[in-house]
Amino acid sequence: MKVSIIALGYVGLTNAIVLAERGFDVLAYDKDPEKVAQLQKGEPTIDEPGLKEALYKYRKRLHFTSVETDIYNGVSIFFV
């Protein structure tokens, strides 16, 4: 199942990681293209132990975008 996370602050990013860990395909959106580019490179945007490793481990299930219309394509659940 594909889920979408809207806004990648502390709560949004950590929830995206947990959902990916649980086997969901996660499309995470943030309006800040610099933040999205950093996450796409596997670099955390917040300070949380183990986050960099989790971004790498679940990279095949985590997708980041700053294009709002992307979040509507085939997504079953939205988290705001």
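Hi everyone, let's start with overall size: for 80 residues, a compact globule would have a radius of gyration near 12 Å, and this chain agrees, with 11 Å. That radius is taken over C-alpha atoms, and the globule rule is 2.2 Å times the number of residues to the power 0.38. Please remember that this is a predicted model, where local features need pLDDT of at least 70, side-chain atom pairs count only at pLDDT 80 or more, and totals for chains, interfaces and linings use all residues. Residues are numbered from 1 along each chain as its sequence is written, and side-chain values use heavy atoms, leaving out hydrogens and water.

Along its principal axes, the C-alpha trace spans about 30 × 25 × 20 Å.

Now, the elements. There are three helices and four strands, in the order β-α-β-α-α-β-β from the N terminus. These are DSSP runs numbered from the N terminus: helices are H or I with at least four residues, strands E with at least two.

What does strand β1 pair with? Five bridges join β1 (residues 2-6) to β2 (residues 25-29), and the two run parallel; Ile6 has Tyr29 as its bridge partner in β2. Three bridges join β1 to β4 (residues 77-79), also running parallel, and there Val3 stands opposite Ile77. Pairing needs at least two DSSP bridges between the strands.

Finally, Met1 sits in the segment before β1 and is exposed, with a relative accessible area of 57%.

Notes. Buried < 20%, exposed > 50% of the residue type's maximum accessible area, 1.4 Å probe, protein only.
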